[in-house]
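Please keep the sequence and the model in view while reading.

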Amino acid sequence: MLEAMNRNEITEQIVAARLAKGISWQELADAIKRPVVWTTSALLGQQPIPAELGEVLVEMLGLDAAVVPVLAAVPMRGGLPTAIPTDPTIYRLYEAVSVYGGAIKELIHEQFGDGIMSAINFSVDFDRKAHPKGDRVVITFDGKFLAYEWDSAAEAADAG
């Protein structure tokens with residue numbers, strides 16, 4: 001019987017097993033027919049993995065089947081070890097959002113109206129693009145626009 005482990009310990013096992021077995025994130029994603037970014041995020045603890053998919057992944061990685069229910073549980077999402085990320089790759093993404101976030105927000109409001117891009121009804125794609133001055137990283141965020149909706153009945157009740 002497997003001793004109770006927390007999600008972080010399971011994530012460490014996943015990463016170690018993947019490296020030891022020489023399995024790519026793409027191979028894991030292909031095995032469960034899910035996008036590679038979602039699969040990687042899920043295996044790193046940011047998405048719940050349906051039990052039937054968890055079973056396939058756990059078998060591929062040679063992990064104890066007792067981790068499947070933990071993988072299927074709704075995780076604590078987000079959160080980085082520090083307020084400003086220190087890992088260079090994550091920091092550059094943070095920097096890009098810091099530099100371009102205001103402009104993107106303005107363009108969303110101008111072109112869609114008062115609202116936000118959902119990170120719940122959302123997908124992300126990752127690609128590599130050849131370029132003469134060095135290959136490019138292409139990241140596409142695809143989130144549903146959610147308009148702010150003000151409930152006038154609630155507003156009237158608050159005023160009365």
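## A charge over a ring

A charge is said to sit over a ring if NZ of Lys or CZ of Arg is within 6 Å of the ring centre and within 35 degrees of the ring normal. In this structure, R34 lies over the face of W38, at 4.9 Å from the ring centre.

## Basis of the report

The model is predicted, so local features need pLDDT of at least 70 and side-chain atom pairs count only at pLDDT 80 or more, while totals for chains, interfaces and linings use all residues. Residues are numbered from 1 along each chain as its sequence is written, and side-chain values use heavy atoms, with hydrogens and water left out.

## Aromatic pairs

The structure holds 4 aromatic pairs, where rings of Phe, Tyr and Trp (its six-membered ring) pair if their centres lie within 6.5 Å, and planes under 30 degrees apart count as stacked, over 60 as edge-to-face and the rest as tilted. One of these is the tilted pair of Y91 and Y94, with 6.0 Å from centre to centre and 40° between the planes. Both residues lie in helix α6 (residues 88-112), 3 residues apart, about one turn of the helix; helices here are DSSP runs (H or I, at least four residues), numbered from the N terminus. Y91 counts as partly exposed at 29% relative accessibility, and Y94 also counts as partly exposed, at 35% (buried means under 20% relative accessible area, exposed over 50%, and partly exposed in between, with a 1.4 Å probe and protein chains only).

Y148 and W150 form a stacked pair, with 6.2 Å from centre to centre and 15° between the planes. Y148 is partly exposed, with a relative accessible area of 45%, whereas W150 is exposed, at 67%.

## Helix α2 and its partners

How do the axes of helix α2 (residues 25-32) and helix α4 (residues 51-61) cross? They come within 9 Å and cross at roughly 140°, where axes are lines fitted to C-alpha atoms, for helices over the stretch in contact, and angles run from 0 to 180 degrees between N-to-C directions. The two helices are therefore oblique to each other (angles under 35 degrees count as roughly parallel, over 145 as roughly antiparallel, 65 to 115 as roughly perpendicular and the rest as oblique). The contact, meaning heavy atoms within 4.5 Å, is made by E27, L28, A31 and I32 of α2 and L53, V56, L57, M60 and L61 of α4.

The axes of α2 and helix α3 (residues 36-43) come within 8 Å and cross at roughly 100°, and α2 and α3 are therefore roughly perpendicular to each other. Among the residues that make this contact are W25 and I32 of α2 and W38 and L43 of α3.
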